[in-house]
Amino acid sequence: MTKPTTLPDIQKRLEVLSQELITLIQQYQLDAQDPLDVIPVARQKVSKKEDYIRFLELSLEGRLLGEAAQHLETSSEKT
């Protein structure tokens, strides 16, 4: 898979990640009220190790892509 380097590409990738993450959230009824509780709730409720690892991967990749998008937006505003 190629790395998204433009804002539209990042947004498309975030949409794909979000859909996969939503599926896992619904499947395991991950209902953390506080964002800081998401990982402990997932650790407790996700029964398959592979799904838990995928949940963590999706969370991390989403965070990194979000930061990259923010950086690109900030850079384009300065020019």
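Visitor: Is the crossing of α2 and α3 left-handed or right-handed?

Guide: The model is a predicted one, where local features need pLDDT of at least 70 and side-chain atom pairs count only at pLDDT 80 or more, while totals for chains, interfaces and linings use all residues. Residues are numbered from 1 along each chain as its sequence is written, and side-chain values use heavy atoms, leaving out hydrogens and water. A crossing is left-handed if the near helix is turned anticlockwise from the far one by less than a right angle, and right-handed if clockwise. For α2 and α3, the crossing is right-handed.

Visitor: At what angle do the axes of α2 and α3 cross?

Guide: Helix α2 covers residues 38–45, and its axis comes within 9 Å of that of α3. The two helices are roughly antiparallel to each other (angle over 145 degrees, between N-to-C directions of lines fitted to C-alpha atoms over the stretch in contact). The axes of α2 and α3 cross at roughly 165°.

Visitor: Which residues in α3 do Val38, Ile39, Ala42 and Arg43 in α2 meet?

Guide: The residues of this contact (heavy atoms within 4.5 Å) divide into six nonpolar, no polar and one charged. The α2 side is formed by Val38, Ile39, Ala42 and Arg43. In α3 they meet Tyr52, Phe55 and Leu56.

Visitor: What is the handedness of the crossing of α1 and α3?

Guide: The axes of α1 (residues 7–28) and α3 (residues 49–78) come within 9 Å and cross at roughly 150°. These two helices are therefore roughly antiparallel to each other. The residues of their contact divide into 14 nonpolar, four polar and six charged. The crossing of α1 and α3 is left-handed.

Visitor: What is the relative accessible area of Arg13?

Guide: Arg13 has its place in helix α1. Leaving aside neighbours within four places in sequence, Arg13 is in contact with Met1, Pro4, Arg54, Glu61 and Leu65. Arg13 is buried (under 20% relative accessible area, with a 1.4 Å probe and protein chains only), its value being 15%.

Visitor: What is the radius of gyration of the chain?

Guide: The chain has three helices and zero strands, in the order α-α-α from the N terminus on. The chain is more spread out than a compact globule, because the globule rule gives 12 Å for 79 residues and the radius of gyration is well over that, at 15 Å.

Visitor: What percentage of the residues of the chain count as buried?

Guide: Along its principal axes, the C-alpha trace of the chain spans about 45 × 30 × 15 Å. Of its 79 residues, the share that count as buried is 22%.

Definitions and conventions:
Axes fitted to C-alpha atoms, helices over the stretch in contact; angles between N-to-C directions. Helix = DSSP H or I, 4+ residues; strand = E, 2+ residues; numbered from the N terminus. Parallel < 35°, antiparallel > 145°, perpendicular 65-115°, else oblique. Nonpolar A, V, L, I, M, F, W, Y, C, P; charged D, E, K, R; others polar. Buried < 20%, exposed > 50% of the residue type's maximum accessible area, 1.4 Å probe, protein only. Rg over C-alpha atoms; globule rule 2.2 N^0.38 Å.
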